[in-house]
Amino acid sequence: CTSTDQVNVILNVVYPTIQIDKNTTITCKNPQITINGNGSSTGNNIDYSWSTINGNIVSGSKTTNPIVDKAGKYIFVILDQSTNCKSKDSVIVNLDQTLPTLYIVNPDTLNCKKSIVTIDASSSSNGLEYNYLWSTVNGNILNGQNTLLPTVDKNGNYQLIIENLINGCKDTSYTKVEQDNKKPVALVNVSDTISCKVASVLLDG
């Protein structure tokens, strides 16, 4: 005698949804960043796990939004405990901490003939993404404090700070303006003395 029966096996293979914002860069302005994993699957049965070999996770390795402070590759794994299905993705965190270029030409010397000089830093990084700031504690800036070509009328030490507004990186350089106001010395040699006998003398300078 034989008997038969049948059973329906339902295949429940539903992988968790995983989403990562791939636009991630560490800069001087943002030395720590949050990797955005919003949009991934959520629920009581969902486990999150972030890992890295060459980066560094500051906190949040078991969340969708970990905080990291080092460039590198970060791997995101989501496990659905109810089905034991896993999803996996990764993101590369880039690094942009490039400093601006600063170069200041040795300025001219202030003197009796030249009462104003222009400090030339025009070979430094330039463009709309840069901010310039000149300062001095013992000199005087007439104008151009926020340019690469300020004019000054006093000797002293001058400082230039350039900031990249995109990545927030800054660099600083210094220069000194000298002053030469020494008056020429006039020396006259008298060949003789005026007297009743000598009505005139030759002055030799």
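At 1% relative accessibility, cysteine 169 counts as buried, where buried denotes a relative accessible area under 20%, exposed over 50%, and partly exposed the range in between, computed with a 1.4 Å probe on protein chains only. The model is predicted, so that local features need a pLDDT of at least 70 and side-chain atom pairs count only at pLDDT 80 or more, while totals for chains, interfaces and linings use all residues. Residues are numbered from 1 along each chain as its sequence is written, and side-chain values use heavy atoms, with hydrogens and water left out.

Cysteine 169 forms a disulfide with cysteine 28, the two sulfur atoms lying 2.0 Å apart; the criterion is a pair of cysteine sulfur atoms within 2.5 Å. The torsion about the S-S bond of cysteine 28 and cysteine 169 is about 85°, so the disulfide is right-handed. The pair links distant parts of the chain, 141 residues apart: cysteine 28 belongs to the loop between strand 1 (25-27) and strand 2 (33-34), and cysteine 169 to the loop between strand 13 and strand 14. Cysteine 28 is partly exposed, at a relative accessible area of 32%. The structure holds one disulfide. As for other cysteines, cysteine 85 is buried at 7%, whereas cysteine 112 is exposed at 63%.

Asparagine 167 is found in the loop between strand 13 (156-164) and strand 14 (170-177). Asparagine 167 has a relative accessible area of 1% and is therefore buried. Residues touched by asparagine 167 include Cys28, Thr27 and Thr98, leaving aside those up to four places away in sequence; contact means heavy atoms within 4.5 Å. The side chain of asparagine 167 also reaches the backbone oxygen of threonine 98 at 3.3 Å.

Elsewhere, the structure holds two aromatic pairs, a pair being rings of Phe, Tyr and Trp (its six-membered ring) with centres within 6.5 Å, stacked if the planes are under 30 degrees apart, edge-to-face if over 60 and tilted otherwise. The ring centres of tryptophan 50 and phenylalanine 76 are 4.2 Å apart with planes at 5°, so this pair is stacked. Because tryptophan 50 lies in strand 3 (residues 46-52) and phenylalanine 76 in strand 6 (residues 72-80), the pair ties together parts 26 residues apart in sequence. Both tryptophan 50 and phenylalanine 76 are buried. Ring pairs join Tyr48, Trp50 and Phe76 in a cluster.

For the protein chain as a whole, the secondary structure comes to zero helices and 17 strands, these being DSSP runs numbered from the N terminus (H or I, at least four residues, for helices; E, at least two, for strands). Of its 205 residues, 29% count as buried.

How values were computed. A polar contact is a pair of N or O atoms within 3.5 Å; within protein, one must be able to donate a hydrogen and the other to accept it, and residues adjacent in sequence count only if both atoms are side-chain atoms.
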